[in-house]
Amino acid sequence: GQQLNQSPQSMFIQEGEDVSMNCTSSSIFNTWLWYKQDPGEGPVLLIALYKAGELTSNGRLTAQFGITRKDSFLNISASIPSDVGIYFCAPAGNNRKLIWGLGTSLAVNP
Amino acid sequence: DARVTQTPRHKVTEMGQEVTMRCQPILGHNTVFWYRQTMMQGLELLAYFRNRAPLDDSGMPKDRFSAEMPDATLATLKIQPSEPRDSAVYFCATGTSGGTLDTQYFGPGTRLTVL
């Protein structure tokens with residue numbers, strides 16, 4: 001089956017620091033989505049990437065769809081306490097089915 | 001502010017009991033996804049409906065799980081009989097089909113504990 005590696009598994013940072021996380025796979029995908037899950041809630045879509053090489057920003061968040069279509073990264077600049085949560089990458093291939101990473105758990109120390 | 005509604009939010013039951021989880025899609029959404037989330041496995045897709053028709057339930061244990069959409073405003077996920085290994089958070093996500101990908105908006109989840 002398709003393997004998706006999301007790293008790091010967890011991060012503990014100081015408020016104001018920049019954060020970087022990524023997902024890699026041995027499979028090629030057509031779409032990369034990044035979601036954030038707050039405690040006790042369902043995941044919320046942050047950024048959607050539809051083209052290899054695409055770089056997209058949403059406020060302090062920036063994500064890129066890798067040129068090989070096998071990876072993606074998400075950066076958060078100047079982290080704040082409300083950035084706490086679990087971040088998931090979720091790529092999809094031709095079958096339109098999302099594959100979910102295990103998540104990166106982010107903790108921010110004020 | 002339209003949201004996916006899930007009930008109950010929490011459920012504690014004993015092994016062998018039937019469990020029914022409900023989801024109300026956002027008005028106008030024609031796709032419904034059921035996921036199970038655990039620490040070990042992450043988010044697993046159990047079932048996927050489009051226009052109330054089941055498209056994919058390959059991730060769902062068929063012997064005890066069933067998913068239905070009696071009408072466009074209600075999706076249900078049933079477990080009968082429940083087992084301790086079914087303890088997890090169950091999410092419903094709804095969206096609209098089209099383009100390169102079906103969008104998915106998640107509900108708050110049902111946290112199920114089977115004793």
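## The contact between the chains

In this predicted model, 16 residues of chain A and 22 residues of chain B make up the contact. The two chains bury about 1,400 Å² between them, and carbon and sulfur atoms account for 53% of that area. On the side of chain A, the residues that lose the most area to chain B are Arg96(A), Lys97(A) and Trp100(A), which together make up 39% of what that side buries.

One salt bridge is counted between chain A and chain B. It joins the side chains of Lys97(A) and Asp56(B), at 2.6 Å from N to O. Five residue pairs are in polar contact across the interface.

## The side of chain A

Strands S4 (31–37) and S9 (85–92) of chain A each supply at least two residues of the side that touches chain B. The largest share, four residues, comes from S4(A). By residue type, this side of chain A comprises nine nonpolar, four polar and three charged residues.

## Aromatic pairs

Over all chains, the count is twelve aromatic pairs. One of them is the edge-to-face pair of Phe88(A) and Trp100(A), with 6.0 Å between centres and 80° between the planes. Phe88(A) lies in strand S9 of chain A and Trp100(A) in the loop between S9 and strand S10 (104–109), so the pair ties together parts that are twelve residues apart in sequence. Phe88(A) is buried, at 2% relative accessible area, and Trp100(A) also counts as buried, at 10%.

Ring pairs link Phe88(A) and Trp100(A) into a cluster with residues of both chains, including Tyr35(A), Phe33(B) and Tyr48(B).

Terms used. Residues numbered from 1 in each chain as written. Chains lettered and ligands numbered in written order. Predicted model: local features only at pLDDT ≥ 70, side-chain atom pairs only at ≥ 80, totals over all residues. Heavy atoms only, no water. Contact = heavy atoms within 4.5 Å. Buried area = accessible area lost by both parts, 1.4 Å probe. Salt bridge = Lys/Arg side-chain N within 4 Å of Asp/Glu carboxyl O. Polar contact = N/O pair within 3.5 Å; in protein donor to acceptor, adjacent residues only side chain to side chain. Nonpolar A, V, L, I, M, F, W, Y, C, P; charged D, E, K, R; others polar. Phe/Tyr/Trp six-rings, centres within 6.5 Å; stacked < 30°, edge-to-face > 60°. Buried < 20%, exposed > 50% of the residue type's maximum accessible area, 1.4 Å probe, protein only.
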